[in-house]
Amino acid sequence: MKRVVHAACPHDCPDACAVLITVEDGRATKIQGDPEHPVTRGFLCAKVAKYLDRVYSPERVLYPTRRLRPKGPSAAPVGPATGSVWQRISWDEAIEEITTRLKHTAGEFGPEAILPYSYGGTLGVLNNASMDRRFFHRLGASQLDRTICASTGGEALISVVGRKLGTEPEQFRHSRYIIAWGANIHGNNVHLWPFIEEARRHGGKLVVIDPYKTRTAKCADWYLPIVPGTDAALALGMMQVIIAEGLHDAEYVAQHTYGFDELAERVREYTPERVAQWTGISAEDIVRLAREYATARPAVIRVNYGVQRSERGGMAVRSIAMLPCITGSWKEVGGGLQLSLSGAAKNLDRDALEMPELMNSGPLGRPARVINMSQLASALNQVTGPPVKALFVYNSNPAAVAPDHNNVIRGLMRPDLFTVVHEQFFTDTTDYADIVLPATTFFEHKELQTSYGHYYLQISDQAIAPLGEAKSNVELFRELALRMGFDEPGFRESVDQMIDKALMSADPMLKEIDRAKLEKEHWIKLKFPSGGSAPGSKCEDVLPFARGFATASGKALLRNDSLLQINLDPVASFTPPEESRHTTAARKYPLEMLGRKADNFLNTTFCNLESVQALEESTREALEISRPDAEARGIGDGEQVRVWNDRGSLFLRAQVNGAVQPGVVAARLGWAKLSPNGANVNVLTSERLTDMAGGPTFYSCLVEVEAVRPKS
Ligand SMILES: Nc1nc2c(c(=O)[nH]1)N[C@H]1C(S)=C(S)[C@@H](COP(=O)(O)OP(=O)(O)OC[C@H]3O[C@@H](n4cnc5c(=O)[nH]c(N)nc54)[C@H](O)[C@@H]3O)O[C@H]1N2
Ligand SMILES: Nc1nc2c(c(=O)[nH]1)N[C@H]1C(S)=C(S)[C@@H](COP(=O)(O)OP(=O)(O)OC[C@H]3O[C@@H](n4cnc5c(=O)[nH]c(N)nc54)[C@H](O)[C@@H]3O)O[C@H]1N2
Ligand code: SF4
Ligand SMILES: [Mo]
């Protein structure tokens with residue numbers, strides 16, 4: 001029997017594609033993008049197009065296993081390691097052992113000695129954050145501050161416009177001027193690309209601002225390589241030109257912004273000549289960029305999280321977010337700015353899903369302490385606070401993605417740390433697990449799916465039965481809770497009941513959307529409250545800030561006094577990052593390292609699949625370096641190099657390919673155990689946090705490079 005199931009891709013990607021899965025006799029035989037979905041438009045990215053390879057990989061974790069040998073990378077690095085390292089156990093034994101150990105830990109050290117660690121393995125609403133949160137809240141476990149990706153930029157955007165809303169992808173087709181600012185659209189957000197192509201066919205222009213010449217930059221009309229970490233200076237410089245030349249929209253500014261006069265005063269310091277020195281972009285180009293951006297109408301900015309992965313990333317995003325507020329481009333279809341659109345994700349009834357009140361009724365009787373996930377190394381090595389004695393990892397691969405890798409590993413190696421990992425594959429992190437549990441893929445469970453790159457809500461149907469003994473995150477945490485004896489009714493709720501609860505939110509965006517309707521129609525666009533479309537416009541385009549902002553005063557906060565509480569300029573300013581070429585006169589490590597995402601992996605997901613590896617072949621194990629920097633070190637193209645700083649070192653192959661400017665080098669993120677000498681880029685990155693919301697500084701990282709030659 002053959003049928004087609006409507007699902008939604010839950011990977012940590014803004015596109016949240018509508019997916020059609022063909023199932024024959026219980027086996028998925030085909031995956032394709034839904035041609036009817038207005039953003040997916042019938043195609044999938046290269047990695048998910050190969051998803052059957054992932055679901056049916058012989059390397060899947062399919063059964064619970066217990067470690068028999070000391071922790072650390074095993075001899076069989078990738079596959080379903082058996083025999084000497086792992087012993088297959090039943091679910092019953094696994095649940096018994098885990099609950100016994102957790103009770104023991106809580107009894108001896110207090111429940112806060114237990115740390116859940118999860119991030120973006122799935123962004124499915126239920127499997128990302130619902131039953132798991134209920135379980136850990138009731139247990140009294142430490143709370144995890146999930147900062148590793150987007151908290152800095154999110155807070156910065158909110159500091160200006162009040163809410164994480166922005167231009168929907170469908171409107172980019174109407175834009176005349178598109179700035180991709182630290183946004184690798186072609187690699188990381190490919191469903192925006194056709195809309196940009198459409199805009200360009202109608203004379204629109206694409207400008208890319210990125211220190212790395214991405215695929216997107218290669219296709220651009222104008223590529224501006226920028227010195228990493230200097231974006232705030234560029235945005236302030238652009239505003240200096242725009243305001244000095246009277247190119248701002250005075251009427252919109254007067255009506256809809258607060259603090260313009262102070263901003264105008266502040267940006268006077270940021271003359272094109274000064275900004276050129278920081279950014280490496282010439283004064284003429286800064287002036288031209290400002291003029292073109294302010295006069296081409298509509299103009300839109302796609303700023304992505306690349307900009308905020310550095311020490312002053314918050315101020316960078318804040319400064320960029322002011323640009324459409326002063327040009328008034330928020331009122332135009334095809335104008336505005338997109339960072340991430342957490343419309344639905346935030347508006348669902350989160351409390352009903354996560355039940356934070358269980359923290360009060362649990363053993364602590366209060367909210368538990370909070371640990372910043374970007375400082376896992378410190379948490380595990382007990383640098384601060386009471387010890388972590390048990391670590392429960394799901395939806396994440398911290399042994400590869402967390403900064404200061406060597407110290408993370410030192411922590412994970414602790415024999416007294418009890419670690420459970422719920423996974424689809426034997427990742428870097430399972431190498432340090434005491435117990436590994438099998439997780440379903442999105443083919444194998446039902447979900448509710450939001451998106452941070454468009455305004456559609458979807459239901460993802462289950463296509464096939466779970467493979468092996470895999471369980472979804474929801475089912476895993478339900479079983480653990482019941483075995484712990486937690487008897488709150490929340491632990492017995494079915495998936496459908498949880499979806500219903502989530503949708504019963506009071507938010508007007510979710511009005512008229514319920515499960516039955518979603519099941520029938522597969523996806524539904526959120527309803528925007530009044531003010532959602534352009535003044536006088538008859539179309540249904542979402543214009544979130546055409547008639548005012550989501551702040552208390554309804555105005556964009558060009559001055560925001562709450563920033564004083566975190567010692568930041570309440571308007572905006574540029575300070576070079578501490579770990580940067582600007583601040584270290586006698587630089588011990590002169591090169592800025594960009595440990596970037598691979599175009600064809602998703603963080604470290606997919607990097608172990610041969611068919612996907614083939615897509616990344618050209619830059620595998622590569623250290624991309626400029627010709628002058630290579631020559632100055634006597635490094636030839638293709639030669640082995642060592643990259644190092646105080647935190648660690650890495651062996652890669654030099655690639656002199658024009659991707660980076662002098663002073664910058666780049667390498668790809670992937671599993672450490674699949675990298676040369678078992679080390680990935682995060683051996684070099686630090687636990688230093690950003691200026692807002694405690695984010696990581698992956699892209700503020702200085703290194704030195706040398707050739708490695710066999711001794712003659
Ligand atoms: N194919 C693929 N798609 C993905 C992902 C993936 O790993 N692979 N990851 C997903 C995730 S988790 C996220 S958060 C999004 C991220 O989407 P993006 O934010 O686009 O991700 P990054 O690749 O981190 O950063 C984008 C660009 O910022 C540049 N950059 C680095 N430092 C600076 C700087 O100081 N200034 C400027 N202007 N640019 C800078 C980088 O060179 C990079 O090209 O993508 C999602 N989509
Ligand atoms: N150097 C450097 N480091 C980075 C970044 C960078 O650009 N450079 N990017 C950062 C960013 S933006 C992010 S978002 C983080 C990402 O960090 P993570 O969210 O940890 O991302 P992944 O490495 O993709 O690991 C996700 C894991 O979840 C598993 N998984 C998938 N679905 C499920 C499920 O349903 N249940 C369970 N239990 N597991 C599942 C996958 O198999 C995968 O191993 O990394 C950060 N680290
Ligand atoms: S990873 Fe992104 S682009 Fe690829 S299928 Fe999933 S949502 Fe679409
Ligand atoms: Mo991310």
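**View 1. Arg559 and its partner Glu262.** Arg559 is buried, with a relative accessible area of 19% (buried means under 20%, exposed over 50% and partly exposed in between, with a 1.4 Å probe and protein chains only). Its salt-bridge partner is Glu262, at 2.5 Å from N to O; a salt bridge puts a side-chain nitrogen of Lys or Arg within 4 Å of a carboxyl oxygen of Asp or Glu. Glu262, at 34%, is partly exposed. Please keep in mind that this is a predicted model, where local features need pLDDT of at least 70 and side-chain atom pairs count only at pLDDT 80 or more, while totals for chains, interfaces and linings use all residues. Residues are numbered from 1 along each chain, chains are lettered from A and ligands numbered from 1 as written, and side-chain values use heavy atoms, without hydrogens and water.

**View 2. A salt-bridge network around Asp496.** Asp496 and Arg515 meet in a salt bridge of 3.2 Å, N to O. Shared partners join Lys446, Asp496, Asp500, Arg515 and Glu519 into one network. Asp496 is partly exposed, at 27% relative accessibility.

View 3. Among the residues around ligand 3 are Cys9, Cys13, Cys17, Cys45 and His191, each with a heavy atom within 4 Å of it.
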